[in-house]
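Please look over the sequence and the model first.

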Amino acid sequence: MIRRFMVHNIKIGLSVDKESGYDAAALGRVIRMLSKNAFFSSCGKAELGIFKRSVDARDKNAIKLVYSVFFSYNDELNAANTVDIEKLERACKKDNIVITSDGDFRIPEYKGGMRPVVCGFGPCGMFAALILAKSGACPIVLERGADADERVKTVERYWQTGELSESTNVQFGEGGAGTFSDGKLMTRINDPLCSYVLETLAKHGADPDILVNAKPHVGTDKLRNIVKSIRKEIISLGGEVHFNCELTCLAVSPSGNSVKIGINGEAASLETDALFLAVGHSARNTFSMLSRSGIEMCAKPFSVGVRIEHLQKDIDSALYGELAAHPALSRGEYALSCRVGERAAYTFCMCPGGTVVASASEKETIVTNGMSYSARDGENANSAVAVSVNVEDFGNNPFAAMEFQANIERTAYRAAGSDTSAPIQTVGGLFGKTDGVPTNVMPTYTGKTKVTDISTVFPSFVTETLKAGLRNFDGKIKGFACDSAVLTAPETRTSSPVKLPRDDDKRAVGHRCIYTCGEGAGYAGGITSAAVDGIRCALAFLGNNK
């Protein structure tokens, strides 16, 4: 079924009539194009909409908004047997029009059995549970952390006092680690389910602009309410969501057709024939328990580094030049990468107008992350600058991988005085050009900080690759490695250091009733891809449930 058509790469200059608007200018250009196309001009009035919107700032003197516009007609163009397909394809080729198909999917009806159990209520577990609930499976969700409201209070208390809860923090609790982030929804995966994820988030309170912006984001302030709204829908469909419930043991039945799980140290008693492990990238004690319980696990590459902060106005000027204050331009964002020998250095999770946040999940450690509120109106821009860590660096062992991360986090804690302060240093200090004390750019870290030689926190290969990356990025964005830019260490939770191998049906290797899902299992990287993987795992189970 032909559902709609797409026109890409429509460029609109910033000088367009402001009253008509940039979106309208893009739509108008497509309307005029269709009116001159012999095939489409005879099809009646098209229904048009903006599919994607981005900024092309490669030429700072001629910045443009770049659009993809979709259009569709009534049913006569939706039924392939009523259309001369060859003629349609020639008409599309004439104006570089792409024929697209319907990306919708149907959720199979649950055929019955035990209630599925989802462990983890981050993006992956949340969307897996939502699909299961819509199928009629009435899932039971177990989340080791607290609900969103209690979680916010607990995290803010940690930021203010240094009092850390190891069960509820920036990593654990309703919404997962993404709840305390910029809420970035960009992903490199090309999956039609990405649209479903965005549409679901918009339905539950996200700005509808996420459906068209090429770099969509929600903001941590809005995410908190969105995850609560999704939880309520799951419950309204017969599901259950339980907080402060940590998976601490599991026992697979002799037949392999079911598994019993234990919560909060109790004996395994809750039985299910479908357990979804969506535990996130920081559940080290859970990974250890799973390994002891016979779940196959291996190490995978990951990255570690620092958070770097600049004045947002300086980033805007570097990216947009004299047009930096133009109302059509969003706050400047960047994504940089380079090779340094056999390693990569790259920026990650860039937060315009954001804050660097204390993100530890274990006592006597320091972990950093970045977040932005929906307005992105803070004075500083921040991002991770990460260095790739290969399996050879820690002996290609999953527990050694976790220890590699944890050792850096403990070293950072001690290096900054063992009082929950995070190590900070300017770029000038890292290169030995200044004393490292912040002057122009003030750190936004949500806890205490102490000027520290950051090179003492990391293995030497990380520090040297980090320096080489900063020099390279300064050639791409003028001033990126300026002496006044502030570094906060360490950023260690860029991705899971382990992988839980699975078969083509998303089930853990050797286990018919256990599904390994999302970022913690090594199959996603970010909110959208984790949510998509949760959906895929739920659909795989429903496909097996016949």
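**Helix 4 and helix 6**

Phe127, Leu130, Ile131 and Lys134 in helix 4 are in contact (heavy atoms within 4.5 Å) with Tyr196, Val197, Thr200 and Leu201 in helix 6. This is a predicted model, in which local features need pLDDT of at least 70, side-chain atom pairs count only at pLDDT 80 or more, and totals for chains, interfaces and linings use all residues. Residues are numbered from 1 along each chain as its sequence is written, and side-chain values use heavy atoms, with hydrogens and water left out.

- By class, the contact of helix 4 with helix 6 has six nonpolar, one polar and one charged residues.
- Helix 4 and helix 6 (residues 193-203) pack at about 85 degrees, and their axes are 12 Å apart.
- The two helices are therefore roughly perpendicular (65 to 115 degrees) to each other.

- Seven strands form an open sheet with mixed pairing, in the order 14-15-18-13-21-19-20; strands pair if DSSP finds at least two bridges between them.
- Strand 14 (337-340) and strand 20 (449-451) are at the edges with a single partner strand each, so one side of each has no neighbour in the sheet.
- Strand 13 (residues 302-311) and strand 18 (residues 380-389) run antiparallel, joined by 10 bridges.
- Arginine 307 has alanine 384 in strand 18 as its bridge partner.

**Helix and strand runs**

- Helices (H or I, at least four residues) and strands (E, at least two) are DSSP runs, numbered from the N terminus.

Definitions and conventions. Axes fitted to C-alpha atoms, helices over the stretch in contact; angles between N-to-C directions. Parallel < 35°, antiparallel > 145°, perpendicular 65-115°, else oblique. Nonpolar A, V, L, I, M, F, W, Y, C, P; charged D, E, K, R; others polar.
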